[in-house]
Amino acid sequence: MKKLLFLLIGLFCGIGAFARQEAPIMDDTFRSSGKIYVVITIIAIIFIGLAFYLFSMDRRLRKIEKFEKN
Amino acid sequence: MAIIYKTWWKVLAVVLVLYTLIAGILMPVPAKYLLNETIRNLYFHVPMWMAMFSVFTISVIYSLKYLRYGKPEDDLVVVECVNTGMMFYVLGLLTGMLWAKYTWGEYWSGDPKQNSAAIAFLLYCAYLVLRNSMDEEQKRAKVSAIYNIFAFPIMIVLLFVLPRMTDSLHPGNGGNPGFNSYDLDKRMRFVLYPAFIGWSLIGVWIATLRYRMRIIEYKNESV
């Protein structure tokens, strides 16, 4: 939700800047405050969790296949 | 098809996607009006389509294989590849709609690319419905293989050809510059191309897992 809010603020700032011929504003506050690393960690945790799930399914299937072969 | 039981390419897929998730958010990107930071969606929205495309390509190859050799296992590959591809298709549509909301103004603006994507989605839904309508195994496999072989080029035309021939907001279509003009400085390419490979491999992995489950069910049924 916070990410969305910052995104919206960043977008509106960008549109305003266009009128004054400035460069498009990118989101530096989130980054410089170090909070970006919180987002990264969360995303990484989610994805690593999913990867573990896929690996465990793979291992389970391998066990069943080995059992079926015998 | 011994490769589907190997582990190395699955680890590679996870590593590549993890890299793109982290680098996609941390590394600098070109500053563009209206897009601002959402340009980073490029690293996630487009690879969904690449994953769908790789998996659908495999399904067509195995459709042809089934028609040629008639092995029921090949038909199982086709259907599981399409199932996995559909999941990535939905993810691609949803991520695109969300991105469109904040850049084009609406979730669905009747844009030719969006409409074409919806039509091609229905095309593949029809494939699944077609399969369901037939109980007899060989007839189902044969008819659906032929349908799949036709559906694939139509999907390509709908997604990649038609939108370029008309007015479209989507980058790369309707006279808009593709994102190629944004990654001329190669900054984005370093994350985008690994993302393509990583997510495609993840897609193939999920398809192989589904296929392996199907094969076991199939073998148990025929016993």
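Which side chains meet in a salt bridge at 3.3 Å, N to O? They are Arg212(B) and Asp58(A), where a salt bridge is a side-chain nitrogen of Lys or Arg within 4 Å of a carboxyl oxygen of Asp or Glu.

## Ground rules

This is a predicted model: local features need pLDDT of at least 70, side-chain atom pairs count only at pLDDT 80 or more, and totals for chains, interfaces and linings use all residues. Residues are numbered from 1 along each chain as its sequence is written, chains are lettered from A and ligands numbered from 1 in the order in which they are written, and side-chain values use heavy atoms, with hydrogens and water left out.

## Chain A on its own

Chain A has three helices and zero strands, and reads α-α-α along the sequence. Helices (H or I, at least four residues) and strands (E, at least two) are DSSP runs, numbered from the N terminus. Of the 70 residues in chain A, 26% are buried, meaning under 20% relative accessible area, with exposed over 50% and partly exposed in between (1.4 Å probe, protein chains only).

## Where A meets B

Here 33 residues of chain A are in contact with 32 residues of chain B, contact being heavy atoms within 4.5 Å. Leu11(A), Met26(A) and Phe47(A) supply 20% of the area that chain A buries against chain B, more than any other three residues. Between them the two chains bury about 3000 Å², 75% of it on carbon and sulfur atoms; buried area is the accessible area (1.4 Å probe) that two parts lose on being put together, summed over both.

As for salt bridges, the count between chain A and chain B is three. On the side of chain A that touches chain B, α1 (2–19) and α3 (36–69) each supply at least two residues. The biggest giver is α3(A), with 17 residues.

## Inside chain B

Helix α1 (residues 8–26) of chain B has 19 residues and reaches 27 Å from its first C-alpha to its last, close to the 27 Å expected at 1.5 Å a residue (1.5 Å times one less than the number of residues). Its buried residues include Trp9(B), Lys10(B) and Thr20(B).

Thr84(B) sits in helix α3 (residues 72–103) of chain B. It counts as buried because its relative accessibility is 2%. Its side chain reaches the backbone oxygen of Glu80(B) at 2.8 Å. Leaving aside neighbours within four places in sequence, Thr84(B) is in contact with Val55(B), Gly203(B), Ile206(B), Ala207(B) and Arg210(B).

Terms used
Polar contact = N/O pair within 3.5 Å; in protein donor to acceptor, adjacent residues only side chain to side chain.
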